[in-house]
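Hi there,

Here is the structure I said I would pass on.

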Amino acid sequence: MLTLTGITKRFHKGSINEVLALDGVDLDIRRGDFITVIGSNGAGKSTTLNCVAGCFMPDKGTITLNGETITAWPEYKRARFIGRVFQDPLMGSAASLSIEENMALADRRGKVRGLSAGVKTRDRERYRELLSRIGLGLEDRLKDKVGLLSGGQRQSLTMIMATMVRPEILLLDEHTAALDPKTAGHVLELTDKIVESQKLTTLMVTHNMNHALKLGNRLIMMHQGRVILDIDGEKKSRFNVEDLLERFFSLKGEAFSSDKMLLV
Amino acid sequence: MSFYAFIGALEQGFVFGLMVLGVYLTFRILDFPDLTVDGSLPLGAAVSSVCIGAGLDPYLSLIPATLAGFCAGAVTGLLNTRLKILHLLSSILTMIALYSINIRIMGRPNFTLLGKSTVLDPLAALGVPSWMAAPALFALVTVLAAITLIWFTRTELGQAMLATGDNPRMITALGVNTGNMIVLGVGLSNALVALCGALVAQNQGSADVNMGVGTIVAGLASVIIGETLLGQGRIAKMILAAVLGSVAYRLAIALALSLKVGSFSFAPSDLNLITAVVVVAALTAPKLKRKVAG
């Protein structure tokens with residue numbers, strides 16, 4: 001459905017800080033795939049996601065969606081078919097606007113915005129119903145400013161906002177990394193529930209190998225701007241954290257020692 | 001302060017309220033410090049005056065004046081979003097260019113409306129006393145503009161504009177072209193400022209290329225005074241606070257001008273200095289208060 005072919009991206013070109021962030025990434029995302037993406041810092045996980053989202057143009061390579069080339073499409077235009085949740089919980093909603101106003105903004109994703117009322121009375125019930133599913137009591141606080149919410153509440157709200165207009169593809173960029181373990185667990189559970197019920201095609205970056213193995217039907221590992229492991233279905237379900245680490249260090253050309261397990 | 005000075009301050013407060021609404025839109029809603037206003041105020045004045053000079057109805061002359069202001073703001077927006085020039089610099093460039101353009105429009109640095117009809121004439125014909133006509137008309141126009149602006153912030157488009165100022169990454173991810181929002185917002189802001197300039201020119205009987213100097217600072221002072229008086233709150237309240245701030249600012253200026261300490265008194269040319277001091281005081285007062293409180 002979404003295909004990346006030979007995507008290459010250098011940042012700070014021509015300066016001493018030049019980095020090769022993506023080095024010929026090929027990835028074929030099939031409809032209904034729930035892909036978890038792991039890899040060390042600077043492996044190119046977030047860069048891959050941002051490339052799909054259109055935050056920058058790749059130096060080389062093409063991106064196609066359902067056969068249509070979208071490599072040159074700007075970010076706002078791709079938003080029509082992409083739902084996103086960022087690592088920073090403050091990034092996904094507007095603090096000075098109320099919960100219902102934020103939801104109404106998300107409700108118009110990919111549609112023309114005109115001069116009719118932003119928050120429509122007839123939509124409130126639906127917003128309330130969507131919020132009641134996350135069980136944080138936000139359904140009774142529609143008029144509260146989002147800035148009053150906690151990080152976990154905002155991230156849960158962003159999760160709802162990203163999926164209230166069904167996205168063709170959902171991009172989750174370490175969206176639980178900034179939360180405490182308990183809240184992260186809640187948000188992850190919510191993620192699983194939403195992706196499952198809407199059968200969403202999803203790309204989720206995570207640092208947590210357990211999460212990467214537990215969720216999704218497919219796992220890719222990245223290293224130095226390349227995809228170095230791509231497993232799915234049956235094969236993925238047989239993998240455990242040790243296998244992943246062993247694979248990771250052997251592909252990096254280092255011997256795997258069990259004390260590295262302590263890092264998990 | 002004499003009654004005459006008081007009425008004069010009200011009149012100024014209301015007519016410049018339009019400009020303050022424009023400054024509020026860019027400075028607070030879009031988070032875009034826009035100095036174009038120093039040029040778009042005389043632009044509105046020039047266009048309106050020249051139109052009246054050419055025989056156009058004073059009310060109709062407000063339309064081209066407002067449109068000209070929108071275009072000036074849109075240019076600043078385009079310089080910033082398309083050519084990636086820093087917002088402050090974009091607006092300074094437009095402002096500087098407008099100085100030449102305004103003189104071109106008028107054919108000289110100022111344009112007098114002596115003996116020409118103005119927006120106030122129909123009111124005088126109705127028998128409204130002249131000291132009352134201007135404040136009443138300007139109050140009506142500014143309140144209508146404020147209500148329209150409040151309505152706009154509640155529309156789908158207005159909400160997208162609020163989000164553009166608040167969290168551009170988020171609203172881009174929701175499919176809004178923030179560049180277009182900035183062009184539209186800065187355009188609307190300067191349309192209001194140019195309308196203000198047109199009314200000011202008609203009221204004082206002339207347009208002058210230098211009448212816009214210090215507009216941005218007066219606008220900021222008014223916005224901040226309004227916020228200090230009414231406190232933070234929802235957008236609707238803040239927009240009304242901007243209008244109130246404009247009136248309060250002009251009253252404060254009138255008061256300062258009427259002060260006499262011995263043989264010393266302020267001259268109108270001291271206005272910019274007083275305004276700068278007022279802005280600095282208003283900007284630092286909240287911090288000082290917090291420090292003193294502990």
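**Where the chains meet**

In this predicted model, 25 residues of chain A are in contact with 20 residues of chain B (contact means that the C-beta atoms of two residues, placed from the backbone, lie within 7 Å). On the side of chain A that touches chain B, the elements giving two or more residues are helix H2 (75–78) and helix H3 (99–107) of chain A. H3(A) gives the most, with 4 residues. Helices (H or I, at least four residues) and strands (E, at least two) are DSSP runs, numbered from the N terminus. By type, that side of chain A splits into 11 nonpolar, 7 polar and 7 charged residues. Here Ala, Val, Leu, Ile, Met, Phe, Trp, Tyr, Cys and Pro count as nonpolar, Asp, Glu, Lys and Arg as charged, and the others, Gly among them, as polar.

A quick note on bookkeeping: residues are numbered from 1 along each chain as its sequence is written, while chains are lettered from A and ligands numbered from 1 in the order in which they are written. As the model is predicted, local features need pLDDT of at least 70 and side-chain atom pairs count only at pLDDT 80 or more, but totals for chains, interfaces and linings use all residues.

**Chain A as a whole**

Chain A has 9 helices and 10 strands. Its radius of gyration (taken over C-alpha atoms) is 19 Å, close to the 18 Å that the globule rule gives for 264 residues, so chain A is as compact as a globular protein of that length. The rule itself is 2.2 Å times the number of residues to the power 0.38. Along the principal axes, the C-alpha atoms of chain A fill a box of roughly 60 × 40 × 40 Å. Of its 264 residues, 38% count as buried (20 or more other C-beta atoms within 10 Å of a residue's own, all placed from the backbone; 12 or fewer is exposed, and in between is partly exposed).

**The sheet and its helix**

Strands of a sheet pair through backbone hydrogen bonds, either parallel or antiparallel. In chain A, 4 strands form an open antiparallel sheet in the order E2-E1-E4-E5; two strands pair if DSSP finds at least two bridges between them. Strand E2 (19–29) and strand E5 (68–69) are the edge strands, each pairing on one side only. Strand E1 (residues 2–11) pairs with E2(A) over 8 bridges, and with E4(A) over 5 bridges. For landmarks, find A:Leu2, whose bridge partner in E2(A) is A:Ile29, A:Arg10 opposite A:Leu20 in E2(A), and A:Thr5 opposite A:Thr62 in E4(A).

So which helix packs on the sheet, touching E1, E2 and strand E4 (60–65) of chain A? That is H1(A), and its direction makes about 65° with that of E2(A) (axes are lines fitted to C-alpha atoms, for helices over the stretch in contact, and angles run from 0 to 180 degrees between N-to-C directions). 7 of the 9 residues of helix H1 (residues 45–53) are buried, so this helix is largely enclosed by the rest of the structure. Among them are A:Lys45, A:Leu49 and A:Val52. Just after H1(A), A:Gly54 takes a positive phi of about 90°.

Cheers
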